[in-house]
Amino acid sequence: MADHYHENCQALLGSLSEYIDGELPPNLCEEIEKHLEGCENCRVVLNTTKRTIDLVRVEPAREPIPDDVRERLFLRLNLDDFLEQKK
Amino acid sequence: MSDSTTQEFSLEALRSGDRAEFARVMDAYSAPIYRLGLKMLGSQQDAEDVLQNTFLNALTHLKDFEGRSSLSTWLYRIASNEALMLIRRKKNTVNLDDFHSEETEDVPLPEVFVDWTALPEDELLSGEGKNALDAAVNKLPESLRMVFVLRDIEGVSIRDTAEILNLTETNVKTRLLRARMFLRERLSTYYGERLAPKERTNG
Ligand SMILES: [Zn+2]
């Protein structure tokens, strides 16, 4: 694996987030995809970055707060008479 | 607090002191706010403080809320301030500037190029893998972590994140990229070490 990090790779790195989020105009995307075809390092960086983001997105599992935390919150706000109404 | 889950609330009712409506707001927004506290402070007790202080603060200042930003943006702003204040108090520093300080556009270059993306999801998200991920998130500097939590964990837009944190969109984008690269590097190092022996025997 090449140690040296090419100038084009650095340029790609700068747009990586926006590329992943689909916020780049088509012509820039094309440029990036052309570079990716010929650059394994950048492909790995792109794919592992995407995977990293996916992992944190699934991870928190949209859980409600624990019941006791909710109870103390309502008590603290003097809203405990609404504890029953739960969503 | 992504748009799909945002419910409509009556500002008028809230401002006129409708307690039932406020209780509904709490139920709608307490989970993401608690999560933000957990990710920023790393302890349930602190997360609970952030949660309670956020809504106490919101209740006090509801009359000043003009509805120019959305309710979720407004609550997130209060919550992120509460979290940052608590962090500062814990660290016992009075340096209030560093969160908003201008920073270089420099993004550290990637150094580990191991492709671990084929590992099955349950391996990545169970036990050790989850610990590695949590540890990496905890190692993020607060200024990056806050942006990362809002954008990548809670799915808040770049624009709203900028509004919540009083940063420019460019600044948010730079911090987000740095946060993502930081986490990618750590996870790649972690999985690289685990994958390396296998690769050697294969090659
Ligand atoms: Zn490249």
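## Chain A fold

Read along its sequence, chain A follows the pattern α-α-α-α, and it has four helices and zero strands, where helices (H or I, at least four residues) and strands (E, at least two) are DSSP runs numbered from the N terminus. This is a predicted model, in which local features need pLDDT of at least 70 and side-chain atom pairs count only at pLDDT 80 or more, whereas totals for chains, interfaces and linings use all residues. Residues are numbered from 1 along each chain as its sequence is written, chains are lettered from A and ligands numbered from 1 in the order in which they are written, and side-chain values use heavy atoms, with hydrogens and water left out.

Of the 87 residues in chain A, 41% are buried; buried means under 20% relative accessible area, exposed means over 50%, and partly exposed lies in between (1.4 Å probe, protein chains only). Among the contacts in chain A with a separation of 6 or more, 42% are accounted for by residues 24 or more positions apart, a contact being heavy atoms within 4.5 Å.

## Helix packing in chain B

In chain B, helix α2 (residues 19–41) packs with helix α7 (residues 142–153) at an angle of about 145°, their axes lying 10 Å apart. Axes here are lines fitted to C-alpha atoms, for helices over the stretch in contact, and angles run from 0 to 180 degrees between N-to-C directions. The crossing of α2(B) past α7(B) is right-handed, a term that applies if the near helix is turned clockwise from the far one by less than a right angle, anticlockwise being left-handed.

On the α2(B) side the contact is made by B:Leu36, B:Lys39 and B:Met40, and on the α7(B) side by B:Glu142, B:Arg145, B:Met146, B:Val149, B:Leu150 and B:Ile153. These residues divide into six nonpolar, no polar and three charged, with Ala, Val, Leu, Ile, Met, Phe, Trp, Tyr, Cys and Pro counted as nonpolar, Asp, Glu, Lys and Arg as charged, and the others, Gly among them, as polar.

## Salt bridges

Over all chains the count comes to 22 salt bridges, each defined as a side-chain nitrogen of Lys or Arg within 4 Å of a carboxyl oxygen of Asp or Glu. B:Arg151 forms one with A:Asp21, the closest N and O atoms being 3.8 Å apart. Because B:Arg151 lies in helix α7 of chain B and A:Asp21 in the loop between α1 (7–20) and α2 (26–38) of chain A, the pair joins two chains. B:Arg151 counts as buried, at 12% relative accessibility.

B:Asp134 forms a salt bridge with B:Lys39, with 3.9 Å between the closest N and O atoms. This pair links distant parts of the chain, B:Asp134 in helix α6 (residues 127–139) and B:Lys39 in helix α2 of chain B being 95 residues apart. B:Asp134 is partly exposed at 22% relative accessibility, whereas B:Lys39 is buried at 15%. Salt bridges that share partners join A:Asp21, A:Arg57, B:Arg151, B:Asp152 and B:Arg180 into one network. In chain A, A:Arg72 forms a salt bridge with A:Asp68 at 3.3 Å between the closest N and O atoms; the two are four residues apart in helix α4 (residues 67–76), and therefore separated by about one helical turn.

## Cysteines

The count of disulfides over all chains is zero, a disulfide being a pair of cysteine sulfur atoms within 2.5 Å. A:Cys29 is in no disulfide, and the nearest cysteine sulfur, that of A:Cys42, is 15 Å away. A:Cys29 is buried, with a relative accessible area of 17%, and A:Cys9 is buried at 5%.
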